[in-house]
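User: I'm new to this one. Could you show me how to read its helices and its core?

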Amino acid sequence: MNIKKLLFIPLFIGFAVCSLKAAAATVDTVLTHSAIMNKDIKAVVIKPADYSSTKKYPVLYLLHGFSGNYSDWIKKVPAVAGLADTYHFIIVCADGDFAGWYFDSPTIKDSQYETYVGTELVNWVDKHYSTITDRKGRAITGLSMGGHGALYIAFKHLDKFGAAGSMSGAVDIRPFPDSFGIERVLGKYSEHPDRWEQNSVVNLIYLLKPNSLAITFDVGYDDFLYQANQELHEKLLERKVPHDYTVRPGGHTWEFWGNSINYQALYFSLFFGGKNS
């Protein structure tokens, strides 16, 4: 199983837009809208140089980590724009709030980022851009909080995504009851342990059948999230769910993620080309 298409967000009259060039790709900041949260949310959309409204493109959704925002990837790893050109897909860098964790919070009405990214943003992109409007043309990945979010959303929205990845993903949130703002969106672990259990990626493997989703994830050997990722790998093996799992030297750093996205982009490109599905 493998790779999916990059999601792309359009520029329309009335949207706040700024453009710049990176490699030959077009990088735009656009303003989207979430109905469930009743607010406007920015995103970065990267179009390949060969983008044309007469052609359908796969889309890769790329998620940021804790304390970040939609602009992190293009600012910290500008070369990511070149991947859109290399593999001829659209890349959509979504926003998951400072500590939204890509959950639909049971307590905070304006923190419904599972629905926003997994449904509203996908539908908006497909409506305004020349995309493959099928799970075979969509992939999602991210780093740290976004690595958790990518797998979490893909596992729960198999109708929308055919491939998913994670880089240094926080795939088990239970070890951090007082950290990274998770308690804000789920409630305290001591008061709502069921929410923490039900929303940890390592506990959601039951949603998958073998070959129902192309999966790739990696982590640095010196990363504090190494053990959680190792556990996820072992549980996927137990359930005979095919996946690519890589451990490389490195820690929880942009140096690691900037390297990792190159491997994952190749994986998703192969998926879009039908070679790993």
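Predicted model: local features only at pLDDT ≥ 70, side-chain atom pairs only at ≥ 80, totals over all residues.

User: Which residues have the most contacts inside the largest nonpolar core?

Analyst: The general idea comes first: in soluble globular proteins, nonpolar side chains tend to be buried together. Here the largest nonpolar core holds 59 residues, and Tyr61, Trp101, Ile140 and Leu232 have the most contacts inside it. Elements giving two or more residues to this core include strands S3 (39-47) and S4 (59-63) and helices H3 (113-128) and H4 (145-156). Another core, of 30 residues, lies apart from it, with Ala84, Cys93, Ala163 and Phe256 among them.

User: What does Trp101 touch, beyond its neighbours within four places in sequence?

Analyst: Its contacts include Phe66, Met145, His148, Phe180 and Val185.

User: How do H3 and H4 cross?

Analyst: Two packed helices are described by the angle between their axes and the distance between the axes. For H3 and H4, the axes come within 10 Å and cross at roughly 65 degrees, so the two helices are roughly perpendicular to each other. The crossing is right-handed. Where they meet, Tyr113, Glu114, Val117 and Gly118 come from H3, while Tyr152, Ile153 and Lys156 come from H4.

User: And what about H8: how many residues does it have, and which are buried?

Analyst: H8 covers residues 254-272, 19 residues in total. From first C-alpha to last it reaches 26 Å, close to the 27 Å expected. Its buried residues include Phe256, Trp257, Ile261, Tyr267, Phe268 and Phe272. You've met Phe256 already, in the core of 30 residues.

Terms used: Residues numbered from 1 in each chain as written. Heavy atoms only, no water. Helix = DSSP H or I, 4+ residues; strand = E, 2+ residues; numbered from the N terminus. Expected span 1.5 Å × (residues − 1). Buried < 20%, exposed > 50% of the residue type's maximum accessible area, 1.4 Å probe, protein only. Core = buried A, V, L, I, M, F, W, Y, C linked by side-chain atoms within 4.5 Å. Contact = heavy atoms within 4.5 Å. Axes fitted to C-alpha atoms, helices over the stretch in contact; angles between N-to-C directions. Parallel < 35°, antiparallel > 145°, perpendicular 65-115°, else oblique. Left-handed = near helix turned anticlockwise from the far one by under 90°.
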